[in-house]
Amino acid sequence: MPVISVSMPHELIDRLDTVAERHGYAGRSEVVREGSRVLLTEFEDDRLANQQLAGTVSVVSDFETQPIERQLTALRHEYEGSIASITHSHVGDSCLDVLVLETDCDELATVVGKLRAIDGVQAVEYSLVPLETAEI
């Protein structure tokens, strides 16, 4: 099996080690492989292909980090045709942005991926609802 090198903060390495120990993984490499598999198959649901979706995307980020807000704003502008609404709230010491989108699965996956890639974003969660109703 090929070996790759990945840079990550010490806190994330500690969390990987904790998950590996708690859940019986052989080590952090096994945790990273499992996480990669989950991420790579996350939007591969054939039932969602070629459908318009309504979705909410919740983004938790660090309240003190200004560059995050600029990056979120740029992303909002880039996908303004798909984003129906956005709310911004302060929860504890964090910011919570909730985006409501009407788009297809591929674009939603792209938006979620770009949000997750922003430095300082702590969590990104989403919920999807197909807009087309299936015949019974």
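Begin with the second largest pocket, in which about 370 Å³ of space lies. A pocket here is an open set of points on a 1 Å grid over the protein atoms alone, where a 1.4 Å probe fits, with protein on both sides within 12 Å along at least five of seven lines; lining residues have an atom within 4 Å of a point. Points are joined across faces, edges and corners, and the volume is the space filled by probe spheres set on them.

The model is predicted: local features need pLDDT of at least 70, side-chain atom pairs count only at pLDDT 80 or more, and totals for chains, interfaces and linings use all residues. Residues are numbered from 1 along each chain as its sequence is written, and side-chain values use heavy atoms, without hydrogens and water.

Select Met-1, Pro-2, Val-3, Ile-4, Val-6, Met-8, Ile-13, Leu-16, Arg-28, Ser-29, Val-32 and Arg-33 to display the lining of this second largest pocket. Helix 1 and helix 2 are the elements that give two or more residues to it; helices (H or I, at least four residues) and strands (E, at least two) are DSSP runs, numbered from the N terminus. Helix 2 gives the most, with four residues.

Next, turn to the largest pocket, with a volume of about 1300 Å³. Of its 25 lining residues, select Leu-12, Arg-15, Leu-16, Arg-116 and Gln-122, which lie nearest the centre. Then colour helix 1 (10–23), helix 2 (28–41) and strand 4 (121–130), the elements that give two or more residues to this lining. Helix 2 again gives the most, here seven residues.

Finally, show domain 1 (10–41) and domain 2 (53–130): both give residues to the lining of the largest pocket, so this pocket lies between them. The domain bounds come from an automatic or database domain assignment.
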